[in-house]
Amino acid sequence: MKPDWRSHVPRLEELARTLGLDWSEVIFEAVPDSFMTEIAVYGLPVRMPHWSFGARYIYQLLQRHMGYSRLFEVVFPGNPGHAYLASSNGLADNVLVTAHVLGHADFSKNNMLFRRCQDQGSAHIIEHAASHARQIERDIEAHGFNAVEQVLDAALSLEQYVDLDQPLRRERYPEYLPPPPPPPDDAFRSRFATLDAGADAAAQSRKIRAPLPPHPERDLLWFIATYAPEMESWERDIFLAVRDESFYFYPVFATQIMNEGWASYWHARLLREADFIPQETYVDAIKCHSDVVRPVATGEQVALAINPYHLGFTLWEEIVKKSGIEAARQIMREDDDFSFLRNHLTREIAADMGLFRYQRQEHGPIKVLAANIDELHESLLLDKYNFGAPRVAVAEVRADGTLVLQHDSKLDGRGLDPERARKVLEYIKRLWRRPVLLKTIDTAAKDVEFSADSAAAA
């Protein structure tokens with residue numbers, strides 16, 4: 001890497017501030033490509049050890065060696081934020097990446113979803129995750145590798161099952177139902193109550209145990225850590241550590257199109273206005289920008305496999321052109337990808353971008369198969385619902401301790417993979433230490449029930 005890319009950082013930061021960007025300090029660091037791959041796979045520079053990350057690492061290496069992906073940078077929002085740049089980047093790459101990172105940092109400091117999750121969790125996620133990793137290393141020394149791995153199997157299989165509508169630090173449910181309200185104070189009831197005041201007082205003082213949970217509970221990590229009858233404290237701590245990190249990652253997942261588009265809009269604008277960048281470096285950086293935000297063709301049946309950089313960049317350019325930068329900043333603060341696409345991806349923009357489905361006639365024009373903008377929104381957002389996981393909640397805990405999970409197949413609009421579902425149930429049962437059931441539907445839309453016991457038998 002050319003050593004002078006860092007000399008452009010202060011001037012890019014100064015220009016960004018004059019254009020209205022506002023961010024917490026970002027620490028830039030150049031690292032070897034192999035470390036970049038590890039960061040991308042683990043999600044953090046230091047994280048709890050688990051075999052699933054190794055599988056992802058092999059996949060990432062294959063993608064890179066086959067030319068399907070290249071990692072220019074990995075950014076971790078926080079105060080301070082951390083940006084890791086590949087040491088193989090050239091000068092132009094790192095000038096663009098620096099400007100891109102400043103856009104990300106502005107977004108993560110000011111977007112309400114990012115702020116809420118960081119306020120509840122940690123703005124120092126790298127240090128926080130490293131602390132989790134050290135604690136798990138101590139658990140391995142105390143309880144053995146296999147015991148810890150089984151807990152991680154269960155916790156990481158449920159890492160998407162958090163409820164962002166609830167606070168990170170939650171109280172247990174009330175153990176008893178609240179007492180019934182006193183009856184209306186009329187003369188007849190007062191006279192009737194005096195006939196057997198003792199029995200009435202006893203009925204009023206009798207406590208009724210509340211159902212568990214009182215309503216379907218989506219936060220499976222919290223519920224199991226809180227209510228598993230024989231879970232040990234170190235096992236609960238691992239579950240809660242995974243949940244803690246999921247709260248951090250959710251905004252990154254839920255705003256990917258907005259966030260990457262915002263960073264791409266700002267790196268393009270900063271490059272245009274940075275008259276201190278040498279012409280040759282600027283031209284090379286713009287070529288890199290074109291590679292980042294270009295649409296990705298996938299054949300004739302579907303016009304594009306959606307590139308979030310391209311989609312987000314296009315929408316932000318349209319918003320700024322139509323409504324101005326202050327209106328764009330308000331949208332950036334308040335929206336996530338759901339509201340962003342529904343409110344700003346219009347039929348006209350989608351048609352211009354070629355996002356609708358097409359079919360080429362053998363001897364004729366290309367025919368539009370579908371041009372329903374609402375259907376397009378839903379197809380783009382389908383994998384974002386519920387953190388990308390099927391909608392499963394705790395339905396009840398029976399008197400014998402059986403944990404009953406319910407898959408909301410009607411709202412989810414998709415089925416479960418039976419083999420994978422049974423495997424996850426097996427993981428959960430090891431920690432719940434009671435029977436575990438999952439109610440769902442089969443391919444014929446008939447009710448079916450999976451159990452951890454059937455998984456173990458298989």
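Reader: What does the accessible surface of the chain come to, and how much of it belongs to carbon and sulfur atoms?
Author: About 23700 Å², with 52% belonging to carbon and sulfur atoms; areas are from the Shrake-Rupley method with a 1.4 Å probe. Mind that this is a predicted model, where local features need pLDDT of at least 70, side-chain atom pairs count only at pLDDT 80 or more, and totals for chains, interfaces and linings use all residues. Residues are numbered from 1 along each chain as its sequence is written, and side-chain values use heavy atoms, leaving out hydrogens and water.
Reader: What share of the residues is buried?
Author: 47% of the 458 residues, where buried means under 20% relative accessible area.
Reader: Switching topic: how do α7 and α11 pack?
Author: Helix α7 (residues 145–157) and helix α11 (residues 233–254) have axes 9 Å apart, at an angle of about 40 degrees. Helices here are DSSP runs of H or I, at least four residues, and strands are E runs of at least two. Axes are lines fitted to C-alpha atoms over the stretch in contact, with angles running from 0 to 180 degrees between N-to-C directions.
Reader: Which residues meet there?
Author: Among them are Val 148, Val 151 and Leu 152 in α7, and Ile 238 and Phe 239 in α11; contact means heavy atoms within 4.5 Å.
Reader: And the sheet, what's the strand order?
Author: It's an open, mixed sheet of three strands, β1-β3-β2; strands pair if DSSP finds at least two bridges between them. β1 (26–31) and β2 (73–76) each have a single partner strand, so one side of each lacks a neighbour in the sheet.
Reader: How do β1 and β3 pair?
Author: In the parallel sense, over six bridges, with β3 covering residues 81–86. Ala 30 has Leu 85 in β3 as its bridge partner.

Notes:
Buried means under 20% relative accessible area, exposed over 50%, partly exposed in between (1.4 Å probe, protein chains only).
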